[in-house]
Amino acid sequence: MASQIAILARTRSLSKTLNPNPSFFKTITTFSFLSQEPQLAATEPPQSSSSVPLPPNPTSYPENWRSPPLNFSSAASLLPSGFLEQTPSYRIQSLAQDLDSPGLLNTFADWMTSQRWTEMKQLFEVWIRSMNKNGRPHRPDVSSYNHYLMANLMSGATAADMLDLVARMEDCGVAPNTASFNLVLKAMHSGQESEAAEKLLQRMLQTGKAGAPDDESYNIVVSLLLQSHRNDAALKYIELTLKSGYMVTMTVFQDCVQACVNTGKLDTLVSIIDKCKSMDQNKALCPPWNLCNYIADVALQADNSKLAVHALQFMAKWIARGEAARPAVFLPVDEGLLVSALATAGRTYSTTLLDVSWAILQRSLRGKKVPNPESFLAKISALASLGELQRAFRTLSEFESAYANSGKEIEEELFCPFTSLYPLVVACSKNGFETLDTVYFQLESLSCADPPYKSVAALNCIILGCANIWDLDRAYQTFEAISSTFGLTPDIHSYNALMQAFGKLKKTSEAARVFEHLVSLGVRPNAMSYSLLVDAHLINRDPKVAVSVVKDMVSSGFKPSKETLKKIKRRCMREMDYESDDLVEEFAKTFGLRMDGEARRTRLFELKFNSTAYA
């Protein structure tokens, strides 16, 4: 301690000798604790005008320790000093020397998320030319090379460039796999090179298992072929895709459906949809709602019942999805479209189309509205064409209960056996009296059921069916059974059907008596009543009485049809009754009807055949 004090004294004396200014050098105590005593605060001297101001506020500086710069990264602080100041090529070279094959894949995975495609290309090219820790060149595997192909594809490489890169894989000792070829196909898809893509797919089919095409390969090629309007080749590869058990994407399926519909290849489309529905991975495919309606419309116009069924089933899926959504979305189907579907079912004898159409109609209405009369009549007509008379009469019962209180005139029009229910009449008389008797006995048994079913419209169909097969006895017995057996009252259609039965057998007087009888009962005859009475007189070759019936018809407020006037005119010409013919012409002018189209019939009637010319 004494030696330290002696050294300090010498130092002070030496410093005073060198610099006589005492304020220049101040000693520092060697004691660990300073002696601190409280002192009174000195009065502040008055500030002079020449005092120096403080420096500016540090927060005005562009950078401050309280707010670090925006480009600051915590990861950058972990890099070696000077790494970020290096050029990109030098950084990539340094990374390439330190990475092995798994590390390279991990780096590629990180850079793909940030889309650093150019750096991925550079790193792979540098890494493949560098040496590993053992002093040997790096050998890439197929996964790392596919990452390199992906980087080139995303950088805008053409299909030719991609093919060259795939060809160089053999130089690196790597065999291309399916993923490698798919990247090339994507480049061809971007360049719309359909022929090259098809050739590459054929090459993949010829290669081994490692390079065989998968579902992505087929979908890329099929999409490209459809966009190039090469529909035949596209459909061939779609069938090959389904045969191989691969999944078809929704976009490709929609494009395929649209192409088939536009080109009229409906049967091919039906085959593709059937195959898709038979596979678990493709049975969920469903075109959009608008496309489903378009498919159904085209199928119905072409009378393709199978395609129509598929379209309606797709629509049923959309309806179910809408009902299951929250909030629910109710997708209504156009009832006119379903009426056309029911009519197509009758023409093509498709029970499946009939059932699907009616089910979708009821689900679309959701029980809040009854189907329109056209829907009921279309279903009855379809069932009659299919020969399912029990279901047809059951539908007729539903039809009557739905429109029972629609008014007398509307009921006469809806349940007329001569017009709306005529398909059911034809079905009842198809096999002669056998079918008519079967239907009659079924109606008789239903009248005693619980609850009973009694229908004048159904019995009118039987009466008219008997008239169509010239069976007057069955027609008359059925007419009498309306009141005696079933306890119902015959309507105007019942009398009209009985009049036709008499008129077809040239029993004009009986037909006239039926007409007089219904008038005496207070039943108002309609236009069909007068027309049937005219037909009965024309069959009896009596145009004068037919013209008088037309006069009564006009006086009752009805308009004769053009077909009725043509029949009378034709009979007048054959009977040479020119006076009645002039009256027919007056009726035609009065109601604005053009009585043309008889020139060929007249020439045939006036021909004179010479039987001796060919002797």
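Start with the buried residues of α15: their cover includes α12 (250–263), α13 (266–277), α14 (289–301), α16 (335–348) and α17. Contact here means heavy atoms within 4.5 Å. Helices (H or I, at least four residues) and strands (E, at least two) are DSSP runs, numbered from the N terminus.

This is a predicted model, in which local features need pLDDT of at least 70 and side-chain atom pairs count only at pLDDT 80 or more, while totals for chains, interfaces and linings use all residues. Residues are numbered from 1 along each chain as its sequence is written, and side-chain values use heavy atoms, with hydrogens and water left out.

**Stop 1: helix α15**

Select residues 305–324, which form α15. Its buried residues include Ser305, Leu307, Phe314, Met315 and Gly322. Buried means under 20% relative accessible area, exposed over 50%, and partly exposed in between (1.4 Å probe, protein chains only). The end C-alpha atoms of α15 are 29 Å apart, which agrees with the 28 Å that 20 residues should span at 1.5 Å a residue. The expected span is 1.5 Å times one less than the number of residues.

Step on to proline 327, in the loop between α15 and α16. A cis peptide bond joins arginine 326 to proline 327, with omega about 0°.

**Stop 2: the whole chain**

Zoom out. The protein has 31 helices and zero strands. Of its 615 residues, 40% are buried. Take the contacts between residues at least 6 apart in sequence: 64% of them join residues at least 24 apart.

**Stop 3: helix α5**

Select residues 117–129 for helix α5. Its 13 residues reach 19 Å from first C-alpha to last, close to the expected 18 Å. Trp117, Met120, Leu123, Phe124, Val126 and Trp127 are buried in α5.

**Stop 4: a positive phi**

Go to histidine 229, in the loop between α10 (215–227) and α11 (231–243). Phi of histidine 229 is near 65°, a positive value in a residue other than glycine. Histidine 229 counts as exposed, at 67% relative accessibility.

**Stop 5: salt bridges**

Side chains of opposite charge can pair when their charged atoms come close. A salt bridge is a side-chain nitrogen of Lys or Arg within 4 Å of a carboxyl oxygen of Asp or Glu. How many salt bridges does the structure hold? There are 17.

Show aspartate 355 and arginine 391, whose side chains meet in a salt bridge (3.0 Å, N to O). Aspartate 355 lies in helix α17 (residues 351–365) and arginine 391 in helix α19 (residues 389–402), so the pair ties together parts 36 residues apart in sequence. Both ends are partly exposed: aspartate 355 at 35% relative accessibility, arginine 391 at 25%.

Next, pick arginine 474 and aspartate 471, a salt bridge with its closest N and O atoms 2.8 Å apart. Arginine 474 is partly exposed at 26%, whereas aspartate 471 is buried at 15%.

**Stop 6: the largest pocket**

The largest pocket has a volume of about 840 Å³. Of its 26 lining residues, the closest to the centre are Lys408, Glu411, Glu412, Ile492 and His493. The elements giving two or more residues to the lining are α20 (408–414), α23 (456–468) and α25 (492–504). Helix α20 gives the most, with five residues.

On a 1 Å grid over the protein atoms alone, a pocket is an open set of points where a 1.4 Å probe fits, with protein on both sides within 12 Å along at least five of seven lines; lining residues have an atom within 4 Å of a point. Points are joined across faces, edges and corners, and the volume is the space filled by probe spheres set on them.

Then look at proline 451, in the loop between α22 (433–446) and α23. A cis peptide bond joins aspartate 450 and proline 451, with omega about 0°.

**Stop 7: around α30**

Select lysine 544 and aspartate 577, a salt bridge with closest N and O atoms 3.4 Å apart. Lysine 544 sits in helix α28 (residues 543–555), and aspartate 577 in the loop between α29 (562–575) and α30, 33 residues apart. Is each end buried or partly exposed? Lysine 544 is partly exposed at 46%; aspartate 577 is buried at 10%.

Methionine 576 is in the loop between α29 and α30. Its phi is near 55°, a positive value in a residue other than glycine. Methionine 576 is exposed, at 58%.

Finish at aspartate 581, in helix α30 (residues 578–590). Aspartate 581 is buried, with a relative accessible area of 8%. Its side chain makes a polar contact with the side chain of lysine 569 (2.9 Å). A polar contact is a pair of N or O atoms within 3.5 Å; within protein, one must be able to donate a hydrogen and the other to accept it, and residues adjacent in sequence count only if both atoms are side-chain atoms. Leaving aside neighbours within four places in sequence, aspartate 581 is in contact with Lys569, Cys572 and Met573.
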